[in-house]
Amino acid sequence: MKVLVPIKRVIDYNVKARVKSDNSDVDLTNVKMAMNPFCEIAIEEAIRLKEAGTVTEVIAVTIGAKAAQEQLRTALALGADKAIHIETDEKLESLHIAKLLAKVVEKEAPELVILGKQSIDSDNNQTGQMLAALTNRGQGTFASKLDIDNAMVKVTREVDGGLQTVELKLPAVVTTDLRLNEPRYASLPNIMKAKRKPLEVIAADSLGVDLAPRTQLVSVSEPVKRSGGIIVDDVAQLVEKLKTEAKVI
Amino acid sequence: MKTLVIADHDNGILKPETSKTINAAVKLGNAIDVLVLGENISEMANQVASINGVATVLVADNAIYGHQLAENTADLVLSLAGDYSHIVASATTTGKNFMPRVAALLDVAQISEIIDVVDAETFKRPIYAGNAIATVKSLDSKKVITVRASSFDLQTEQAAATVSALDSTFDNHLSQFVSVEQTESERPELTAAEVVISGGRGMQNGENFALLNGIADKLGAAIGASRAAVDAGFVANDMQVGQTGKIVAPNLYIAVGISGAIQHLAGMKDSKVIVAINKDPDAPIFQVADYGLVADLFEVLPQLENAL
Ligand SMILES: Cc1cc2nc3c(=O)[nH]c(=O)nc-3n(C[C@H](O)[C@H](O)[C@H](O)COP(=O)(O)OP(=O)(O)OC[C@H]3O[C@@H](n4cnc5c(N)ncnc54)[C@H](O)[C@@H]3O)c2cc1C
């Protein structure tokens with residue numbers, strides 16, 4: 001069984017994004033970049049399925065500028081067997097990404113696609129669901145547990161009221177939540193080995209997908225800043241302030 | 001130009017997010033129909049009918065919608081989509097699940113988690129864990145939108161609108177419901193509570209969360225948690241507040257033993273008043289707190305309970 005894991009290069013999760021002074025976008029010059037944390041969880045899950053003998057091949061794919069090959073090499077170092085880079089310098093939206101991924105799914109025919117539930121830059125939480133729709137597959141979003149058995153995958157989902165378990169027919173699409181697993185780190189020998197694993201580059205505009213923008217980014221601004229607070233001496237003063245100053249209790 | 005809102009509920013209990021989402025939809029300026037889908041939902045449909053601004057309630061009452069599976073839900077919404085310029089749902093785990101599927105099937109973008117309506121095609125939404133606010137204009141003829149309910153008010157009531165039943169059914173067999181583990185709690189829902197008290201890694205274990213109970217009882221508060229507390233198994237996943245958990249904006253948010261990582265702040269920094277209790281005076285949580293108490297939580301939580 002083949003698994004496809006789409007990944008994204010994003011701002012490192014420890015870095016606080018800053019808005020450009022002309023309010024055109026977020027400033028990413030000289031900002032540390034990394035694999036989106038939910039994508040790391042997706043790669044980890046695919047590799048564990050391979051180690052368990054359920055999966056025979058793990059393919060990592062990314063869509064973006066040349067620099068994103070760094071994250072593909074990380075995926076290969078973590079244990080993916082091959083990588084596909086759909087190269088573009090355009091700023092694409094989730095719908096475009098899902099359509100390009102659908103082309104990869106058509107070609108590679110993976111029984112399972114595992115993606116992160118959201119990327120920590122655009123915070124959209126869309127791509128996996130869109131890909132599932134475009135490929136007419138069932139979807140198991142926000143997964144905290146996967147069980148593959150007999151052409152079915154059972155997915156436990158983190159939902160607002162607790163946990164929901166659904167069963168999907170394979171082929172299917174799964175998106176990861178934080179509790180699915182704890183990703184490993186790549187070892188030095190594996191990082192060296194990854195350099196020799198296959199990485200195929202495909203131009204995004206060669207796949208016959210309409211990449212015309214569907215939204216326009218009008219502006220990007222700083223969020224409203226909270227005005228500074230005070231440090232109270234003790235519980236008595238805290239309660240007093242909450243009663244008489246803030247009037248919230 | 002009409003707007004279709006999809007109501008959100010948990011096992012037949014209408015979520016307050018629905019009313020807040022209708023509040024956002026009103027700002028689009030169109031007539032609003034609301035789709036209620038599920039099993040045995042007639043009472044809830046009547047509740048929706050009396051939310052101000054609703055023109056017609058469409059009811060799809062069928063066992064196949066019982067668990068609001070994304071695949072069936074998306075197909076049902078798609079079958080109705082022709083009549084509407086805007087399709088809107090709450091950015092709950094239900095809305096987040098089926099709405100992008102609807103958008104893709106309609107071949108349009110989804111505008112996720114809007115916090116403000118600028119005009120019928122332009123919206124504000126947080127990006128980068130809320131460290132930036134994007135103003136986004138949709139270029140598609142149909143807009144598919146999810147709403148961050150905490151940024152909108154509850155709608156007032158009205159004389160009941162028309163309720164009409166839908167009988168078309170969509171069951172595509174791609175997925176089946178297996179089971180649900182519902183978190184039982186007597187407390188108000190995190191996203192609806194006026195007061196939220198959250199514990200972090202500093203709580204040390206699940207048993208110690210009991211220290212928050214007495215305070216929550218006295219304040220009528222919901223109890224939340226940081227990711228670290230959930231990952232460590234102290235409390236259930238649905239208590240996580242943050243960028244990738246629940247977004248809350250209560251009148252009072254009390255963070256206990258939480259450092260204040262950007263991902264946590266993303267879920268609570270729009271609270272009206274923030275209190276932080278942390279033994280580390282340099283913890284970033286103090287930068288957003290209106291009232292900070294630098295102290296050992298095990299010492300001050302019992303004191304706080306007594307003082308209330
Ligand atoms: C992709 C991604 C998504 C994430 N999403 C979320 C999210 O949605 N929500 C979220 O919360 N986090 C999220 N995180 C995690 C986030 O980065 C932090 O790791 C997490 O918020 C830390 O939780 P914490 O503050 O409880 O723990 P810590 O950072 O370990 O802080 C514990 C705090 O407790 C204090 N403390 C310890 N003992 C005591 C005591 N006795 N008395 C008083 N204070 C004490 C310490 O001084 C410290 O400040 C996410 C991370 C990633 C990578």
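Trainee: Is A:Glu44 buried or exposed, and what is its relative accessible area?

Mentor: A:Glu44 is buried, at a relative accessible area of 3%; the scale here is under 20% for buried, over 50% for exposed and partly exposed in between, with a 1.4 Å probe and protein chains only. Before we go on, a bit of housekeeping: this is a predicted model, where local features need pLDDT of at least 70, side-chain atom pairs count only at pLDDT 80 or more, and totals for chains, interfaces and linings use all residues. Residues are numbered from 1 along each chain as its sequence is written, chains are lettered from A and ligands numbered from 1 in the order in which they are written, and side-chain values use heavy atoms, with hydrogens and water left out.

Back to your glutamate. A:Glu44 makes a salt bridge to A:Arg48, with 2.7 Å between the closest N and O atoms. By salt bridge I mean a side-chain nitrogen of Lys or Arg within 4 Å of a carboxyl oxygen of Asp or Glu. The two sit four residues apart in helix 1 (residues 37-51) of chain A, about one helical turn; helices are DSSP runs of H or I with at least four residues, strands are E runs of at least two, and both are numbered from the N terminus.

Another one joins A:Lys91 to A:Asp25, the closest N and O atoms being 3.0 Å apart. A:Lys91 is in the loop between strand 7 (82-87) and helix 3 (94-108) of chain A, and A:Asp25 in the loop between strand 3 (18-19) and strand 4 (26-27), so this pair ties together parts 66 residues apart in sequence. The lysine A:Lys91 is exposed at 64%, while A:Asp25 is buried at 17%.

Now across to the other chain. B:Asp231 bridges to A:Arg179 with 2.8 Å between the closest N and O atoms. That pair runs from helix 6 (residues 227-231) of chain B to the loop between strand 12 (172-176) and helix 5 (188-194) of chain A. Both ends are partly exposed: B:Asp231 at 38% and A:Arg179 at 21%. There's a network too, in which salt bridges with shared partners join A:Lys2, A:Lys82, A:Lys107, A:Glu108 and A:Glu200.

As for the interface, the contact (heavy atoms within 4.5 Å) takes 77 residues from chain A and 83 residues from chain B. The buried area is about 6600 Å², with carbon and sulfur atoms giving 54%; that is the accessible area, with a 1.4 Å probe, that the two parts lose on being put together, summed over both. On the chain A side, A:Asp160, A:Arg214 and A:Arg226 lose the most, together 12% of what that side buries. Six salt bridges link the two chains. A:Asp160 also bridges to B:Lys15, at 3.6 Å between the closest N and O atoms.
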